[in-house]
Amino acid sequence: MRRMRVAAVCGAALVTAVGGVAPAAGAVRGAEAVRGAVAVRDAVAVRGAVAGLAYHGSADIVGDRVDVRFTPHNHGPAAVPDSVVRIRWSQPLEEGQTLPARCAPEGDRAVRCRVGRLGAHDSGERIGLRVRLREAPSEVLLEFDPVGSDGTVDESRAAERQRVLVLDTGDKYYF
């Protein structure tokens, strides 16, 4: 049902963009699901390009060190021209750490990593990240949140967010 609604909204937007008749008010009911996103496809603006971003990998914590390895995936039917993921830690990070070239600190509890282009139903390059926390907690919560997708969004931003609780047990936690 959701795919049919998105298809109807995309079709209505295409008709409107190329100068057709405006759709009836009932046909645009699902418009809030796409939040006005605009993707350019074949030089025609199409509202509602849908991506399904997810991050699959593992994380472990030993003392004050957290190792995170993940691969970005786009499970949706629309390509993502450029994407960035923000990873937030529930504990503050130690300052002055060396991060991978595509990653940069954001405040005292987050890191942004450039994922790059993801085609429809495609996987990106694996990202490995090791950070040190200011203290050695017994657990840390990681939150993955896509922040840059060049106008291509999921139907529900909440569906793109992932949370992983990692305990200091020496075990790897898979997500």
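Cys103 and Cys113 are both buried, where buried denotes a relative accessible area under 20%, exposed one over 50%, and partly exposed the range in between (1.4 Å probe, protein chains only). The two residues form a disulfide with their sulfur atoms 2.1 Å apart, the criterion being a pair of cysteine sulfur atoms within 2.5 Å. By this rule the count comes to 1 disulfide. The link of Cys103 and Cys113 is right-handed, with 110° about the S-S bond. It connects distant parts of the chain, since Cys103 belongs to strand S6 and Cys113 to strand S7, 10 residues apart. In general, a disulfide is a covalent bond between the sulfur atoms of two cysteines.

The model is predicted, so local features need pLDDT of at least 70 and side-chain atom pairs count only at pLDDT 80 or more, whereas totals for chains, interfaces and linings use all residues. Residues are numbered from 1 along each chain as its sequence is written, and side-chain values use heavy atoms, with hydrogens and water left out.

The chain has 3 helices and 12 strands; helices (H or I, at least four residues) and strands (E, at least two) are DSSP runs numbered from the N terminus. Of the 175 residues in the chain, 42% are buried. The chain exposes about 9600 Å², of which carbon and sulfur atoms supply 52%; accessible areas come from the Shrake-Rupley method with a 1.4 Å probe, and for residues only the protein chains shown count as cover. Among contacts between residues at least 6 apart in sequence, 69% join residues at least 24 apart, a contact being heavy atoms within 4.5 Å.

Strand S6 (residues 103–106) pairs with S7 in the antiparallel sense over 4 bridges; two strands pair if DSSP finds at least two bridges between them. Within this pairing, Ala104 has Arg112 as its bridge partner in S7. The hairpin of S6 and S7 has 3 residues between the strands, and Gly107 there takes a positive phi near 70°. S7 (residues 110–114) is also joined to strand S5 (residues 84–89), to which it runs antiparallel, by 5 bridges. Here Cys113 is the bridge partner of Val85. The loop between S5 and S6 contains Thr98, which is exposed at a relative accessible area of 71%. The C-alpha atoms of Thr98 and Arg130 are separated by 8.8 Å, although the two residues lie 32 residues apart along the chain.

S9 pairs with S4 in the antiparallel sense over 6 bridges, and Ile127 of S9 is the bridge partner of Phe70. Leaving aside neighbours within four places in sequence, Leu129 is in contact with residues including Val68, Trp89, Leu99, Cys103 and Cys113.

What are the residues of the largest nonpolar core that touch the most other members? Of its 29 residues, they are Val68, Phe70, Trp89, Leu129 and Phe144. A nonpolar core is a set of buried Ala, Val, Leu, Ile, Met, Phe, Trp, Tyr and Cys residues joined through side-chain atoms within 4.5 Å. S3, S4, S5, S7, S9 (127–132), S10 and strand S11 (162–167) each supply at least two residues of this core, and its largest share, 4 residues, comes from S3.

Aromatic rings complete the picture. A search of the whole structure finds 4 aromatic pairs; rings of Phe, Tyr and Trp (its six-membered ring) pair if their centres lie within 6.5 Å, with planes under 30 degrees apart counted as stacked, over 60 as edge-to-face and the rest as tilted. The rings of Tyr55 and Phe70 have centres 5.9 Å apart and planes at 85°, so this pair is edge-to-face. Because Tyr55 lies in strand S3 (residues 53–62) and Phe70 in strand S4 (residues 65–74), the pair ties together parts 15 residues apart in sequence. Phe70 counts as buried at 0% relative accessibility, and Tyr55 does at 1%. Tyr55 also forms a stacked pair with Phe144, at 6.0 Å centre to centre and 20° between the planes. Phe144 lies in strand S10 (residues 139–148) and Tyr55 in S3, so this pair ties together parts 89 residues apart in sequence. Ring pairs link Tyr55, Phe70, Phe144 and Phe175 into a cluster.
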